[in-house]
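Here is a short report on one protein model. Look through the sequence and the structure, then read on.

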Amino acid sequence: MVDIDTDQQVDGIGALPQKWSVENVRFSADGASVVILDQTLLPGETKYLKLNKAQDLHEAIVDMRVRGAPAIGIFAAFAMCVIAGQSKAKDYIEFKADVMKCGDYLNSARPTAVNLSRQIRRMEKHVASMEGLPIYRIIESMRCEAEEIQREDIEMCLAISKYGLTLLHSGDGVLTQCNAGPLATSLYGTALGPILLARERGVDLNVFCCETRPLLQGARLTTYELDTAGIGCTLICDNMASIVMSEGKIDAVFTGCDRVARNGDVANKVGTSGLAILAKHYGVKFYVFCPSSTIDPGSATGDNIEIEQREPEEIKEMFFKSPIAPSRVKCYNPAFDVTDNRLITAIITDKGICEPPYYESLTKFWHPSE
């Protein structure tokens, strides 16, 4: 792992742009490494990491140095290219086996977000389609495919943002959960995208941000993105959402997600389900934003979605000067929860706005072979 000085231009990457995009995942100039913005250090420090070892690439996902379902998928595709470029295989069969092993290793990093496994499978299928070509040509083609995945994400985010903007009116109060902006994607974001686009179009909003465990991604990242974009926002602790809604300050909840089941149940950062229940009680609209690639036809309902469990230190120690609970105290630290589809007003994708019943509205957005 190589740290890159934040004040230094390396491979064309400098400080975080002051607009709605950020090169949070890209190839180094020679294509031998993946350069990422280390999101664990934000907002206090802007640092880029240059990664080329398989273990470092895997740990970047586990440690959430790169995070956000779309960004993780993009990163995995880039990482596969870098690792494949180090293969010592003498023929296609050996090379393909190396790629499959690499894919399995990266896919083990985090289980809940479907984009990770989906983009890994896409890269594996791409390699499978190139039998007979020289290995160096396959690696070159893999890099092009990875960059195409990133380009598609940019287009998807813009489409989602445009659809989401139709749900907003000047003066609306919007509550966000987790981080679903440029840092989690490639451009604009998903749930944050319409808010950024609203800023461009002169639509004024009152944005409230939940701090969001794990790793306080709403507090550290969403407020950072909004502040950088010149959008005023108010940070609240997760357990303050009820009183803010009861005071009539919230017209809609905007949240991203990491996996959508066939019936419209969604997995997102822990606390999302509770927000949906509160929104239902207070008559607040609850919107979920995601690329169509996040729809998982292999999961019939939310019960089929594996929930990632994270280390207890993230609750007891991280972001505190000293531990806030006795060392012997057990912790339950799920990264996600599942929101029942009956609590969701609509699911906004790059292909359109889906409304209940979700099995019917979502079906047209996945490929029949999936």
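Which residues does Glu-355 touch, not counting residues up to four places away in sequence? Glu-355 touches Ala-346 and Ser-361. Contact here means heavy atoms within 4.5 Å. Glu-355 sits in the loop between strand S14 (352–354) and helix H11 (358–363). Helices (H or I, at least four residues) and strands (E, at least two) are DSSP runs, numbered from the N terminus. Val-260 is 95 residues from Glu-355 in sequence and 13 Å from Glu-355 in space, C-alpha to C-alpha.

This is a predicted model: local features need pLDDT of at least 70, side-chain atom pairs count only at pLDDT 80 or more, and totals for chains, interfaces and linings use all residues. Residues are numbered from 1 along each chain as its sequence is written, and side-chain values use heavy atoms, with hydrogens and water left out.

## The nonpolar cores

The largest nonpolar core has 40 residues. A nonpolar core is a set of buried Ala, Val, Leu, Ile, Met, Phe, Trp, Tyr and Cys residues joined through side-chain atoms within 4.5 Å. Buried means under 20% relative accessible area, exposed over 50%, partly exposed in between (1.4 Å probe, protein chains only). Ile-36, Leu-57, Phe-75, Phe-95 and Met-142 have the most contacts inside the largest core. Several elements each supply at least two of its residues, including strand S3 (34–37), helix H1 (54–62), helix H3 (92–107) and helix H5 (135–165). H2 gives the most, with 13 residues.

Leu-57 is in contact with Val-34, Leu-51, Asn-52, Phe-75, Ala-79, Val-82, Ile-83 and Leu-106, leaving aside its neighbours within four places in sequence.

Two packed helices are described by the angle between their axes and the distance between the axes. Axes are lines fitted to C-alpha atoms, for helices over the stretch in contact, and angles run from 0 to 180 degrees between N-to-C directions.

| Pair | Angle | Axis distance |
|---|---|---|
| H2 and H3 | about 140 degrees | 10 Å |
| H2 and H4 | roughly 30 degrees | within 8 Å |

That makes H2 roughly parallel to H4, while H2 and H3 are oblique to each other. Angles under 35 degrees count as roughly parallel, over 145 as roughly antiparallel, 65 to 115 as roughly perpendicular and the rest as oblique.

The H2 and H3 contact includes Ala-76 and Ile-83 of H2 and Phe-95 and Leu-106 of H3. Its residues divide into 9 nonpolar, 1 polar and no charged. The H2 and H4 contact includes Ala-77 of H2 and Met-123 of H4. Those residues divide into 10 nonpolar, 3 polar and 1 charged. Here Ala, Val, Leu, Ile, Met, Phe, Trp, Tyr, Cys and Pro count as nonpolar, Asp, Glu, Lys and Arg as charged, and the others, Gly among them, as polar.

Ala-77 lies in helix H2. Ala-77 counts as buried because its relative accessibility is 0%. Ala-77 touches Met-123, Ala-146 and Ile-149, not counting residues up to four places away in sequence.

## Helix H6

Helix H6 (residues 193–200) is mostly covered, with 6 of its 8 residues buried. Ile-195 and Leu-197 are among them. The buried residues of H6 pack against several elements, including H5, strand S5 (173–177) and helix H7 (217–228). Just after H6, Gly-202 takes a positive phi of about 80 degrees.
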